[in-house]
Amino acid sequence: MTERTLRFARREDDRRNRLLTVIRAEGGEWPASRVWALYRERQWAPNRTTARKDLQLLARRRHLIERGPQNGRFYTLNYAGGA
């Protein structure tokens, strides 16, 4: 990996860790729209797709649980723990 790629990866991990910290503090349901609003407010990411992908990644790492229908997907904290 190049230095630039490593910096980008670290920045993405930092953003996801900050998101997970907020979700743990606030709890509740987290659809992509709620995450995107948080990202806009705090200027953490450029678009809604980033919010959606971050939620999906945190679910794959078992920090979050994916819930709801395909057109109404939201995520909740996995209290059993993540990877």
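Which residues touch the most other members of the largest nonpolar core? In this predicted model, local features need pLDDT of at least 70 and side-chain atom pairs count only at pLDDT 80 or more, while totals for chains, interfaces and linings use all residues. Residues are numbered from 1 along each chain as its sequence is written, and side-chain values use heavy atoms, with hydrogens and water left out.

Back to the core: it holds 19 residues, and those touching the most other members are Leu-19, Ile-23, Trp-30, Val-35, Tyr-39, Leu-55 and Leu-64. Helix 1, helix 2, helix 3 and strand 2 (74–77) are the elements that give two or more residues to this core. Helix 2 gives the largest share, five residues. A nonpolar core here is a set of buried Ala, Val, Leu, Ile, Met, Phe, Trp, Tyr and Cys residues joined through side-chain atoms within 4.5 Å. Buried stands for under 20% relative accessible area, exposed for over 50%, and partly exposed for anything in between (1.4 Å probe, protein chains only). Helices (H or I, at least four residues) and strands (E, at least two) are DSSP runs, numbered from the N terminus.

Not counting residues up to four places away in sequence, Tyr-39 touches Arg-15, Leu-19, Trp-44, Ala-45, Thr-50, Ala-51 and Asp-54, contact being heavy atoms within 4.5 Å. Phe-74 is another matter: its C-alpha atom and that of Thr-50 are separated by 15 Å, the two residues being 24 apart along the chain.

Next come the charged pairs. A search of the whole structure turns up seven salt bridges, each one a side-chain nitrogen of Lys or Arg within 4 Å of a carboxyl oxygen of Asp or Glu. Asp-54 pairs with Arg-15 in one of them, and the closest N and O atoms are 2.6 Å apart. Because Asp-54 sits in helix 3 (residues 48–60) and Arg-15 in helix 1 (residues 3–26), this pair ties together parts that are 39 residues apart in sequence. Asp-54 also meets Arg-16 in a salt bridge, at 2.9 Å from N to O. Arg-16 is in helix 1 and Asp-54 in helix 3, so here the parts tied together are 38 residues apart in sequence.

A network of salt bridges links Glu-12, Asp-13, Arg-15, Arg-16 and Asp-54. Elsewhere, Glu-41 and Arg-42 meet through their side chains in a salt bridge of 3.8 Å, N to O. Glu-41 is exposed at 60% relative accessible area, whereas Arg-42 is partly exposed at 36%.

Gln-43, in the loop between helix 2 and helix 3, has a positive phi of about 55 degrees although it is not a glycine. Gln-43 counts as exposed, at 72% relative accessibility. Arg-62 is not a glycine either, yet has a positive phi of about 65 degrees, and its place is in the loop between helix 3 and strand 1 (64–67).

Strand 1 includes Ile-65, which counts as partly exposed at 29% relative accessibility. Leaving aside neighbours within four places in sequence, Ile-65 is in contact with Phe-74, Tyr-75, Thr-76, Leu-77 and Asn-78. On a 1 Å grid over the protein atoms alone, a pocket is an open set of points where a 1.4 Å probe fits, with protein on both sides within 12 Å along at least five of seven lines, and lining residues have an atom within 4 Å of a point. Among the residues lining the largest pocket are Pro-31, Arg-48, Leu-55 and Tyr-75. Helix 3 supplies the largest share of the lining, four residues.
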